[in-house]
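Good morning, and thank you for joining this meeting.

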Amino acid sequence: MTKEVNVDKIIGAGAEADPENLLVVKNLVKWFPIKAGFFKHTVGNVKAVDGVTFAIKKGTTMGLVGESGCGKSTIGKTILRLEEKTSGEVYFDGQEVFGLSKEELRQMRPRMQIIFQDPYSSLSPRLPVGEIIGEAAREHQIVPEDELDDYITRVMKACGLQPYHKERYPHEFSGGQRQRICIARAVALNPDFILCDEPVSALDVSIQAQIINLLEELQEQFGLTYLFISHDLSVVEHISDTVGVMYLGNMVEFAETDELYSNPLHPYTQALFSAIPVPDPDTKMKRIILEGSIPSPANPPSGCKFHTRCRFCMDRCKVEEPEYREVKPGHFCACHLLDDGVQENTENAQEG
């Protein structure tokens, strides 16, 4: 099992009981077993999420970034209990999600919703839009049956859809409109928390801006809390209040958005941010190229998982796992360079 961190030092003692926190994740682990042989014995594990801790305050947005395969979507699905955890705790509004019975979980479901990445495959082609949006709202009795049609109309208008769209089918809409339907389906359940799993990655840039603006308007209107997963660092900077950086199942850095983007401390974060396009043709890009490919989560490197690609790798990085700790108020990082007080090395390399 993965090395556990002191969660009280990261999110504070009793964070799950803090009324300001809507979601608290403590040392969350999700491993997928690798089966082999005739009898399908477990011969290993894919360590998709390997001990992650964070908290999201009510009405705010936390961005989650990292390369493909680092465990971002698995974290989201495990939080919603679409996947069962291996270990750890997830508290939603003070209740431990994995301690709920089936009936208790069913009652909580409307409060925790998800917007999927692909607006094409996540909508049933056999149902009209009005039924797609209203189906779950009817099942959970969000409003009385005789008010449901008017309620669906209000939700659709809030998401930029017209009432006459109710009778149409998903194939009659563009990608941006389909994503609005997915958003309306989530909002129709009157949730407190929405997991946005790369909701704009399949859309054109101009449509992405519309969807991001819509999410911000809905957050202000309904007091929503988001966990926003994305590869687009510019989008994450625009919409997020706090940002966590994932690498190979672990959170390697976390801070408020302005602090993280102005002062990335982890070499991996610096490399990611160096790839953000600058809208100025006269600005020379100082790109940091990571050598090699991301290691397998089934057989991660010993010590610091990033040491095989890090330009500052030291001997201790290969054998000793760095502590994920608060290096300045509200700014957490896991790197031996900071432990040794040689932070200037990373800053100088970033400048040069």
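Predicted model: local features only at pLDDT ≥ 70, side-chain atom pairs only at ≥ 80, totals over all residues.

**Aromatic pairs and a covered strand**

Phe-273 is buried, with a relative accessible area of 10%. What is the ring partner of Phe-273? Phe-273 forms a stacked aromatic pair with Tyr-261, at 4.4 Å centre to centre and with 20° between the planes. Tyr-261 lies in helix H9 and Phe-273 in helix H10, so this pair ties together parts that are 12 residues apart in sequence. Tyr-261 is likewise buried, at a relative accessible area of 15%.

The count of aromatic pairs comes to 7. Another of them is formed by Tyr-247 and Phe-306, which are edge-to-face, with 5.1 Å between centres and 85° between the planes. Since Tyr-247 belongs to strand S9 and Phe-306 to the loop between helix H10 and S11, the pair ties together parts 59 residues apart in sequence. Tyr-247 is buried, with a relative accessible area of 2%, and Phe-306 is buried at 3%. Together with Tyr-268, these two residues form one aromatic cluster.

Let us now turn to strand S12, residues 331-334.

S12 runs antiparallel to S11, joined by 4 bridges, and antiparallel to S10, joined by 2 bridges. Ala-334 is the bridge partner of Tyr-324, while Cys-333 is that of Glu-253. S11 and S12 form a hairpin with 2 residues between them, and Gly-330 in the turn has a positive phi of about 80°.

Conventions:
Residues numbered from 1 in each chain as written. Heavy atoms only, no water. Buried < 20%, exposed > 50% of the residue type's maximum accessible area, 1.4 Å probe, protein only. Pairing = 2+ DSSP bridges. Phe/Tyr/Trp six-rings, centres within 6.5 Å; stacked < 30°, edge-to-face > 60°.
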